[in-house]
Protein chains: 2
Amino acid sequence: MAKVLIVFLFLFSGFSAKPAGQDSLKFVDAASLPLVGKGFDDTENRYERLPARLKGVTRDPVWVLSTNSSGLAIRFRTSSRVIGAKWEVTRDVVMNHFTPTGIKGLDLYCLVDGEWKFVNSARPTGKFTEAVIIAHMTPEEREFMLYLPLYDGLSHLEIGIEPGSEIGVPLVELPRREKPVVFYGTSITQGGCATRAGMAYPNILSRMLGRETINLGFSGNGKLDLEVAEAMAEIDASCFVIDCLPNVTVQLMKDNYARFLDIIRGKNPEVPILLVENIRYTHMAFDQNTAAFVNDKNNLLKDIWQERKTQGDRNIFYMKGDNLIGDDLEATVDGVHLTDLGFLRMAEKMYPEIKRLIE
Amino acid sequence: MAKVLIVFLFLFSGFSAKPAGQDSLKFVDAASLPLVGKGFDDTENRYERLPARLKGVTRDPVWVLSTNSSGLAIRFRTSSRVIGAKWEVTRDVVMNHFTPTGIKGLDLYCLVDGEWKFVNSARPTGKFTEAVIIAHMTPEEREFMLYLPLYDGLSHLEIGIEPGSEIGVPLVELPRREKPVVFYGTSITQGGCATRAGMAYPNILSRMLGRETINLGFSGNGKLDLEVAEAMAEIDASCFVIDCLPNVTVQLMKDNYARFLDIIRGKNPEVPILLVENIRYTHMAFDQNTAAFVNDKNNLLKDIWQERKTQGDRNIFYMKGDNLIGDDLEATVDGVHLTDLGFLRMAEKMYPEIKRLIE
């Protein structure tokens, strides 16, 4: 522990880490503020992603991952010059290719001239953290969005402001709440391995599109579970994006992909569905087995897409994986999971296609 | 610990994490293979960055940080279809805005058609790790570069190959060893917070330029220490890049910046010196105090540069900080430290200028 502290001291000398005002912030429970990015009202706890009725019904790993708060964000408005937070995570997850800031930190954005701009992240110190996120702002009223942890559960959150200031609900509906874009997928969809929550690709797309996005990414578990499709189908979405190929086998695709689509289509006959190929993992340039495995799945996905179109579905669309993260092989931390560089590239590639589908 | 393992299982089901062959690799001590990125031969241990004679002479934090292996890489050649590594770090550093992979992991690149391409990272499990980095390659001879930890010391490193294959010294001198580019600076220079070592900006520039780069970044401690300048001045460099502004005050610049330059100039009368402004921290858009602090230092740096030119130094150059990391405010994890996105942008901006200076 001592060595960690020493390193922090090294890293932070030279600029102010604890601005004036930290000790005297007024904290407000975020439960009183609107939450965006949530697909279901009937969750067991506020900061979760699947309806309570799926507990004990869906597989355990899916359920546990659904208690991670990926894709959720608190919206608020304040003219406080300082913003801080107190929060408690449920599991204090640690991973060796992922920043704690991304796993279980918070990430603050501000609306500037109609665009969401990164303000700063709140860096976790363990299960419970209290931190100043930004200080020394001018005292004008601003709209904020605070992204919640990508890979941990959030049991409690308070937002800190200066004692003389107020915190209120937003005056601007951005992202737009009606008809969200729903993403179903894997660890990559859930946000692994963004350095901070705002850089997960569904969150970037929410800012780009000005539209709420719902993150149903389940790390290692985007396995076409049919009860998840049943739940998804209830969301009044503008588009369903199915980006689960990294977690399935060819056999599982043959068994479940068409049934998964049928369930969504059953309740949403005309809503665009976008099928996304497996991204071209950067290490596929070297690992022949992985390259073959991914190519087989992408080929089968193309067949599935063609078949649906042949059957008369005119609202089913396809996105190739080739160029989603660029072609310089630099966009992942481990061959598979995207860095902020990979996520920004992926969002920029998906943006025009999804924008076209939801307009 | 159990929960961490569970999360890893979630994350990795769906593709092969432990390829065939891991259990039977032959390991070779990297001490027999050439090390690039090292400014001084007379270090206390092989994977360190300052000469042993500075121990007890330079400030303690500078010395401790100089034992971090940032900027160093092992060069080798093999036709093994599998590459692995065993390594031990000295301190097992943990930080909350930095991936363990970047702090204390390894990062493998391969030369493909004359360009260095990311193969995969080796993800640390603690003080000692054994890991397969890549498997299932075709058995052709390839040139590799294995970047060492950015923010930890490396006490021992072995490279693993298939028992029937050989590992040898490179046949291609890339990066070129003669007349390296020397970078002096801060946590950002040292590589905070790249997700893996290859994405620290001096390492990216080494690949882009095809020239060895020497990383003398000391997290929080790029404070114009004159004994560090004395050591740097001994390197037969093609260019000195001084990128330490985040760690200094206006007063420290007034006291030491000119003396620091005089020492380098004394032994290198004609070598280009590039003065780099403080990057525009992303949170400067909101934090007025930080914005003023940075602007004051950048203004003083411009004065120092103008004065040197007025005094007749025709080989002193200046790089503005405004656009080094883009203007969308997305390039940092915490306002200050660059992600892979920020580092790639910074390297792309610096590349044409440094290329011009060293040719």
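In strand 9 of chain A, V89(A) has L154(A) as its bridge partner; helices (H or I, at least four residues) and strands (E, at least two) are DSSP runs, numbered from the N terminus. The model is a predicted one, in which local features need pLDDT of at least 70 and side-chain atom pairs count only at pLDDT 80 or more, while totals for chains, interfaces and linings use all residues. Residues are numbered from 1 along each chain as its sequence is written, and chains are lettered from A and ligands numbered from 1 in the order in which they are written.

**Strand pairing in chain A**

Two strands are taken to pair if DSSP finds at least two bridges between them.

| Pair in chain A | Bridges and sense | Bridge partners |
|---|---|---|
| Strand 5 (106-112) and strand 6 (115-122) | seven bridges, antiparallel | Y109(A) and F118(A) |
| Strand 5 (106-112) and strand 8 (142-147) | four bridges, antiparallel | C110(A) and F144(A) |
| Strand 1 (26-29) and strand 9 (154-161) | four bridges, antiparallel | V28(A) and I159(A) |

Strand 5 of chain A is largely enclosed by the rest of the structure, because five of its seven residues are buried; a residue is buried if 20 or more other C-beta atoms, placed from the backbone, lie within 10 Å of its own, exposed if 12 or fewer, and partly exposed in between. In the hairpin that strand 5 of chain A forms with strand 6 of chain A, two residues lie between the strands, and D113(A) takes a positive phi near 50°.

**A sheet in chain B**

In chain B, four strands form an open sheet in the order 1-9-4-7, with antiparallel pairing. Strand 1 (26-29) and strand 7 (128-134) of chain B are the edge strands, each pairing on one side only. On average, neighbouring strands of this sheet are turned by 25° against each other, direction ignored, where axes are lines fitted to C-alpha atoms and angles run from 0 to 180 degrees between N-to-C directions. Strand 1 of chain B is joined to strand 9 (residues 154-161) of chain B by four bridges, and V28(B) stands opposite I159(B).

**Helix 8 of chain A**

The 23 residues of helix 8 (residues 288-310) of chain A should span 33 Å at 1.5 Å a residue, and its end C-alpha atoms are 33 Å apart, which agrees; the expected span is 1.5 Å times one less than the number of residues. Its buried residues include F293(A), V294(A), K297(A), L301(A), W305(A) and R308(A). An α-helix has 3.6 residues a turn, so residues three or four places apart point the same way. The cover over the buried residues of helix 8 of chain A includes helix 7 (250-267), strand 14 (273-276) and strand 15 (316-319) of chain A. Just after the helix, G312(A) takes a positive phi of about 105°.

**Core and overall form**

The largest nonpolar core has 224 residues, of which V182(A), F240(A), V182(B) and F240(B) touch the most other members; such a core is a set of buried Ala, Val, Leu, Ile, Met, Phe, Trp, Tyr and Cys residues joined through C-beta atoms within 7 Å. Chain A comprises nine helices and 15 strands, and 57% of its 359 residues count as buried. The C-alpha atoms of chain A fill a box of roughly 65 × 45 × 40 Å, taken along the principal axes.

Methods
Contact = placed C-beta atoms within 7 Å.
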